[in-house]
Amino acid sequence: MKKKSLYIFGSGGFASEVYDWFNENRDLKKKFILKGFISKDKKKSFLGKPVYAENKFFFKENYYFHIAIGDIKKRQKIINFYKKLKFINIQHPSSVLSKKS
């Protein structure tokens, strides 16, 4: 099975933590390859991966995305603007989600 391309919005502290969660999650690593980060920061790389400027990134239909930005208003803005993108959840493999939530 060919791995799907994954990009993470953000290149700060929360993105760093999500990067660790991704690397510790065997199921996600079987399905996806993390290609890089999308950010308004002027970094060229982050955690050994390239950083792409959001306004210059070529979004493709077969790409997957995760938002690793803590500010809920910025997160919502990305979701509203990029409604057709495929977003995935990334959580630490030892996370426990309540059945009531």
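The model is predicted.

**Leucine 47**

This leucine lies in a loop. Strand S3 (45-46) sits on one side of that loop and strand S4 (49-53) on the other. What is the phi of leucine 47 near? Phi of leucine 47 is near 55 degrees. That is a positive value, in a residue other than glycine.

**Serine 5**

Serine 5 belongs to strand S1, which runs over residues 4-9. Is serine 5 buried or exposed? Serine 5 counts as buried, because its relative accessibility is 15% and the cut-off for buried is under 20%. Which residues does serine 5 contact, leaving aside neighbours within four places in sequence? They are Ile33, Lys35, Asn62, Tyr63 and Tyr64.

The two residues look like this in a table.

| Residue | Relative accessibility | Class |
|---|---|---|
| Serine 5 | 15% | buried |

**The largest pocket**

The largest pocket holds about 390 Å³ of space. Its lining is made of 17 residues. Lys40, Glu54, Ile69, Lys74 and Ile78 lie nearest the centre of the pocket. Strand S2 (32-39) and helix H3 (72-81) are the elements that give two or more residues to this lining. H3 provides the largest share, four residues. By type, the lining of the largest pocket has seven nonpolar, five polar and five charged residues.

Note on methods. Residues are numbered from 1 along each chain as its sequence is written. This is a predicted model: local features need pLDDT of at least 70, side-chain atom pairs count only at pLDDT 80 or more; totals for chains, interfaces and linings use all residues. Side-chain values use heavy atoms; hydrogens and water are left out. Buried means under 20% relative accessible area, exposed over 50%, partly exposed in between (1.4 Å probe, protein chains only). Contact means heavy atoms within 4.5 Å. On a 1 Å grid over the protein atoms alone, a cavity is a set of points where a 1.4 Å probe fits but cannot get out, and a pocket is an open set with protein on both sides within 12 Å along at least five of seven lines; lining residues have an atom within 4 Å of a point. Grid points are joined across faces, edges and corners, and a volume is the space filled by probe spheres set on the points. Ala, Val, Leu, Ile, Met, Phe, Trp, Tyr, Cys and Pro count as nonpolar, Asp, Glu, Lys and Arg as charged, and the others, Gly among them, as polar.
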